[in-house]
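Subject: Structure for you to look at

Dear colleague,

I am passing on the structure we spoke about, and below it you will find an account of what came out of going through it. Please read the two side by side.

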Amino acid sequence: MSDPTYTPPKIWSFDAANGGKFANINRPTAGARFEKALPRGEHALQLHSMATPNGVKVTVMLEELLEAGYSGAQYDAYPINIGDGDQFGSGFVEINPNSKIPALIDTSNSPETRIFESGSILLYLAEKFDAFIPKDLAGRTECMNWLFWQMGSAPFLGGGFGHFYAYAPEKYQYPIDRYAMEVKRQLDVLDKQLAKNKFIAGDQYTIADMAIWPWYGSLVRNVVYEAAEFLQTHEYTHLVRWANDIAERPAVKRGVMVNRTWGEPEQQVLERHSAADFSGKG
């Protein structure tokens, strides 16, 4: 049990038994923990990921590119089960030394290009295919504003609110109240922006939408943390409208299934190698 009168020691030490959903894999060190090569498919783009919000950003982007006719965006996607610690295998650490999903390899370059961090992958793909990013300076800058807003804001939602509300071994009012307040402020930021715009960065669907929707769209639609009632997300009507509109896009419906290891079988595409992998799904 945690001590409510806890006073931090002068020097912190690692306690492997501190509880929580990911206590069995969390360590204060980086690097590979075991040898394991990654599989390799036939396409130039090789994705190693899981259908968490960060992973969904990239599979949605790839499926949107294919939906828009960019045949060069064909990809192979292999699951990385973060609960089992797959992200600490030597092959994965080679492409992401931070051991976080998603990670992508572009084999069409010489030498091959590794891309890690979801925002970096979205920007890389947008620039590679010249798609889903405005071409004018003002529009591109606004898109980047919101892309980086998501990078800076989502840790308060996931690692902050989500952890203490849904995953922590014990419930404490202070951290839940602290992060609930911040998440509701963020929801209000998005709601006010979407009151004036069809999409996050304006009238154009961009990588900003693809970055923000898996986190905040999932939250208001009660897909993550089952906290929609607690946070009264229905009050953010413009955000709810946008979240539901994005959810109906065919590429998004496919993207959320890729590397999904939970839920009903018809909602899972454990590995993705071609459009045929979606047959009978959805």
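Helices here are DSSP runs of H or I with at least four residues, strands are runs of E with at least two, and both are numbered from the N terminus. In those terms Tyr 225 sits in the loop between α6 and α7, and I come back to that loop below. Please keep in mind throughout that this is a predicted model.

The overall fold

The protein chain contains nine helices and four strands, and from the N terminus on their order is β-α-β-α-β-β-α-α-α-α-α-α-α. With a radius of gyration of 19 Å, close to the 19 Å that the globule rule gives for 282 residues, the protein chain is as compact as a globular protein of that length. Its C-alpha atoms fill a box of roughly 60 × 50 × 40 Å along the principal axes, and 48% of the 282 residues are buried. Of the contacts between residues at least 6 apart in sequence, 66% join residues at least 24 apart.

As for the surface, the protein chain exposes about 14,200 Å², of which carbon and sulfur atoms supply 53%. There are 27 positive and 34 negative side chains, and the centres of these two sets lie 2 Å apart.

The two annotated regions

An unreviewed UniProt entry lists "domain: GST N-terminal" at residues 70-133, a stretch that is 28% helix and 20% strand, with its end C-alpha atoms 15 Å apart. UniProt also places "domain: GST C-terminal", again from an unreviewed entry, at residues 139-269; over these residues the chain is 67% helix and 0% strand, and the end C-alpha atoms are 35 Å apart.

Backbone points to check

Most residues other than glycine have a negative phi, and most peptide bonds are trans.

- Ile 101 and Pro 102 are joined by a cis peptide bond with omega about 0°, and Pro 102 is in the loop between α2 (90-95) and β3 (103-106).
- Ser 110 and Pro 111 are likewise joined by a cis peptide bond, with omega about 0°, and Pro 111 belongs to the loop between β3 and β4 (113-116).
- Asn 222, in the loop between α6 (207-220) and α7 (228-231), has a positive phi of about 65° and counts as partly exposed at 36% relative accessibility.
- Tyr 225, in the loop between α6 and α7, has a positive phi near 70°, and at 14% relative accessibility Tyr 225 counts as buried.

Conventions
Residues are numbered from 1 along each chain as its sequence is written. This is a predicted model: local features need pLDDT of at least 70, side-chain atom pairs count only at pLDDT 80 or more; totals for chains, interfaces and linings use all residues. Side-chain values use heavy atoms; hydrogens and water are left out. UniProt positions are given in the numbering used here, feature names are shortened, and annotations may be inferred rather than shown by experiment. The radius of gyration is taken over C-alpha atoms; the globule rule is 2.2 Å times the number of residues to the power 0.38. Buried means under 20% relative accessible area, exposed over 50%, partly exposed in between (1.4 Å probe, protein chains only). Contact means heavy atoms within 4.5 Å. Accessible areas come from the Shrake-Rupley method with a 1.4 Å probe; for residues, only the protein chains shown count as cover. Lys and Arg count as positive and Asp and Glu as negative; His and the chain ends are not counted. The place of a charge is taken as NZ of Lys, CZ of Arg, CG of Asp or CD of Glu.
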